[in-house]
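Try each one yourself before you read its solution.

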Amino acid sequence: MAANRLMIIGESINDSVPRTHEMLERGDLDSIVALAQQQDRQGADYIDVNIGPRPPELMAELVRRIQQLSQKPLSIDSPDPRIAEAGLRAYDPERAGGQKPLLNSVSPLRTEMFRLWSIQPFRVILLASEKWEGDRCRPCRTAEETYQAARHLVEEARSTGFALSNDDFIIDPGLVPLATDNEGHLGRVLEAIDRIHNDADLTGVHLVVGLSNLTVMLPSKRADGSPVKGPLQDAFLTKAVPSGLDMAVAAAGKKYRPLPADHPAMTCLEDCLRQPGFDAIRRIRQFYAGR
């Protein structure tokens, strides 16, 4: 699955990862660059770079240092336009074989970040899990709302006049942790992926999820010692990749695989889709309890 259909954006250089956070706090950039090299060797298609709420100059320095040792294109990951701008200015496409960076990400609240294209052309992750309602931005609750939010973001990007093509748009429907999904977001995401993928106006756009979001707050092992997170991620991909998902912010080097219909993680996920809400949360608990 990962080898020929799913592009991986290596997730490890992110301030939300405890080990990386400690490196950033210590100012240990050598270790962070080594982490980028490791993900490169593990086959990441892109390497995400998220420094958290730190000076823009740090983003620029990291981008330059990583590009000295890796030819993989980078994902400049920040909600702060100043930090994103610093990373884009520092990025050298020639060091990545001419490939554009990713800008991760633009939400309905941050559409002013499209202007950064004039500094450095990029491919952009569009966060379609939020929508404007009057003068407020609120989470999308249904697949239809997610689909319409995606269309709106693409249309707004096209209206800027910059030469963004459908291939430059990477839509993120916003994967929610299974451990707290009492509103049926798993079904919303899967249905939205299918709808976006089959929209003729959106032919050529890409679809991405933050795969680790699915299994945060879950234990690593079931009661019998078998893994919890990996199989549930595989089960999600087994459903999502045939529907159009082709990218994931995920662990580089992990061998994702499609699961048979009778695999325990697959039957668990199907049960969650059939009975969303608190029943789904109970089903997840049963899964990691080994029942």
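**Exercise 1.** Work out which side chains a polar contact of 2.7 Å joins.

Solution. The pair is Ser70 and Asp40; a polar contact is a pair of N or O atoms within 3.5 Å, where within protein one must be able to donate a hydrogen and the other to accept it, and residues adjacent in sequence count only if both atoms are side-chain atoms. Before going on: this is a predicted model, where local features need pLDDT of at least 70, side-chain atom pairs count only at pLDDT 80 or more, and totals for chains, interfaces and linings use all residues. Residues are numbered from 1 along each chain as its sequence is written, and side-chain values use heavy atoms, with hydrogens and water left out.

**Exercise 2.** Is Ser70 buried or exposed?

Solution. Start with its place: Ser70 sits in the loop between α3 (56-69) and β3 (74-77), helices (H or I, at least four residues) and strands (E, at least two) being DSSP runs numbered from the N terminus. Next, its relative accessible area is 3%. Buried means under 20%, exposed over 50%, partly exposed in between (1.4 Å probe, protein chains only), so Ser70 is buried.

**Exercise 3.** Find what the buried residues of α7 pack against.

Solution. First, α7 covers residues 229-240, and 10 of its 12 residues are buried. Among them are Leu232, Phe236 and Leu237. Then look for contacts (heavy atoms within 4.5 Å): these buried residues pack against α6, β9 (206-210), α8 (264-274) and α9 (278-289).

Methods:
Expected span 1.5 Å × (residues − 1).
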